[in-house]
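Please open the structure in your viewer and keep the selection panel at hand.

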Amino acid sequence: MRAYLYVAKMRLLSSLAYRFDVFTSLGTGVIIAVASIFLWKAAYSGTDSVSGVDESQMIAYVMVSALLTAFFSISVAQTLPEKISQGDIVIDFYRPINLVIKYFAEDLGLAAGALITRVIPMLIFLMVCFGVSAPKTSFLLFMLSTALSFVIIWTISAIIAMLSFWFFQLGSLSDVKDGIVLLLSGQYIPLWLFPKEIQNVLSFLPFQHIYQTPLSIYIGRLKPEECLFALLIELVWAVFLILALFLIWSKARRKVLIQGG
């Protein structure tokens, strides 16, 4: 455990070292958040509520979504394919630690750095300029949902990255994944605005639990008993994706050993 904490610590410190990247990421996040706020203010002009959600709830939704986007800083989809293509993955295999957990620890450190350099400054800015309302339900439930959301999006990213063991050049597949998550997770457009048929299909996929579930808990769209059921579904998806990840990793590890003779 100490080794993984050290990995997370070093990733945190390295994320704080690049000031230009910190400021550009912060500026981009603020611009997107402000643009989303004014977009939904315009959409709600002359309308009291949409799908049972009023304007104040929707503004809180997009604000917290921007904060979650900043917090969900994940690099495994870039670093792992790069290690595989350059052959550095062989060095990692010599390390006396579980590499999947090591990559997860690195991204936890990156997320912690994002919390300090992006999430907190954005939260202060949004509170001063627009006011961020407190969660309508238990803050603990929201935090638990956010933690599970991070696990879900990380495991999906890691699974995509591990395809590099079979397809050495993934091209824009990672960008396609990001686009799918953006569209189907409720990151900017809540899924309850989609046609009912599409909502029914998406309910069988894990993407809505990345953003829409924690955000729905935050703005109080879900009742307390619905929150607990949503957390249970999130947990099931997280466990399923983790098991799938380690299964793929075991097959990928054998493939590397075979290629290496």
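**Stop 1**

Select W154 together with its contacts (heavy atoms within 4.5 Å): leaving aside residues up to four places away in sequence, W154 touches I74, V76, V100, Y103, F104, D107 and L245. The model on the screen is predicted, so local features need pLDDT of at least 70 and side-chain atom pairs count only at pLDDT 80 or more, while totals for chains, interfaces and linings use all residues. Residues are numbered from 1 along each chain as its sequence is written, and side-chain values use heavy atoms, with hydrogens and water left out.

Buried means under 20% relative accessible area, exposed over 50%, and partly exposed in between, with a 1.4 Å probe and protein chains only. Helices here are DSSP runs of H or I with at least four residues, numbered from the N terminus.

**Stop 1: two crossing helices**

Show helix α4 (residues 76-86) and helix α6 (residues 99-129). How do their axes cross? The axes come within 11 Å and cross at roughly 135°. That makes α4 oblique to α6, a word for angles that are neither under 35 degrees (roughly parallel), nor over 145 (roughly antiparallel), nor 65 to 115 (roughly perpendicular). Axes are lines fitted to C-alpha atoms, over the stretch in contact, and angles run from 0 to 180 degrees between N-to-C directions.

At the meeting place, select V76, L80 and K83 in α4, which meet K102, Y103 and D107 in α6. Is K102 buried or exposed? K102 is buried, with a relative accessible area of 6%. Beyond four places in sequence, K102 touches Y4, V7, K83, D92 and I97.

**Stop 2: a covered helix**

Move to helix α10, residues 212-219, where eight of the eight residues are buried. Among them are P214, L215 and Y218. Just after α10, G220 takes a positive phi of about 80°.

**Stop 4**

Finally, select C129 and C227. C129 is partly exposed at 43% relative accessible area, whereas C227 is buried at 0%. Across the whole structure, a search finds zero disulfides, meaning pairs of cysteine sulfur atoms within 2.5 Å.
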